[in-house]
Amino acid sequence: MKIYIATPVNARKEPTLEKKQIAAYERVEELTRMVKAHLPKANVCSVFSAIVVRKNGQPVSEDKIMGACVRMVMKCDVILMDDGWGDSHGCKVERFT
C-alpha cells in the first residue's frame, strides 16, 4: 500500500516561508516514522519536495511543487491528511485530486 502524507505549509504558524517549509518537512518525517511503525509494509510515497529542492539550492515555484505533489498523490492508494489541512490550499488540492 502506498501512502501519501499531506501536511500544511503556508497555513503553518512559523514566521517565515523557510521556517514553514522546514517545520512541514519535519512533520512529514515524524508522520512517516509513525506510519511505518504501525504499518511496516507500507510504502510512504510522500516527499516534501520544496525543502529538498531548496536544500539543493535550486529555485522552485509553488506551482511546480504542487505539480510534483499531485503526481505523487495519483500514484498512492491512500492519502493521510495532517492536522490543519483544511486551512491549506495545497492540502485541499491534494485531497481532491
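Is Glu-14 buried, partly exposed or exposed, judged by its relative accessibility?

Modeller: Glu-14 counts as partly exposed, because its relative accessibility is 24%, a value that lies between the limits of 20% and 50%. Please bear in mind that this is a predicted model. The mean pLDDT of the protein chain is 80, and 85% of its residues reach 70 or more.

The partner of Glu-14 is Arg-12; in this salt bridge the closest N and O atoms are 3.2 Å apart. Arg-12 is likewise partly exposed, with a relative accessibility of 22%. In general, side chains of opposite charge can pair when their charged atoms come close.

The count of salt bridges comes to three. Let us turn to Arg-27, whose side chain meets that of Glu-30 in a salt bridge of 3.3 Å, N to O. Both belong to helix 1 (residues 17-38), where Arg-27 and Glu-30 stand three residues apart and are therefore separated by about one helical turn. Glu-30 has a relative accessibility of 35% and counts as partly exposed.

Arg-27 also forms a salt bridge with Asp-82, with 2.8 Å between the closest N and O atoms. Arg-27 lies in helix 1, while Asp-82 is in the loop between strand 3 (78-81) and helix 4, so this pair ties together parts that are 55 residues apart in sequence. Asp-82 is buried, because its relative accessible area is 5%, under the 20% limit.

How values were computed. Residues numbered from 1 in each chain as written. Heavy atoms only, no water. pLDDT = per-residue confidence, 0-100. Salt bridge = Lys/Arg side-chain N within 4 Å of Asp/Glu carboxyl O. Buried < 20%, exposed > 50% of the residue type's maximum accessible area, 1.4 Å probe, protein only. Helix = DSSP H or I, 4+ residues; strand = E, 2+ residues; numbered from the N terminus.
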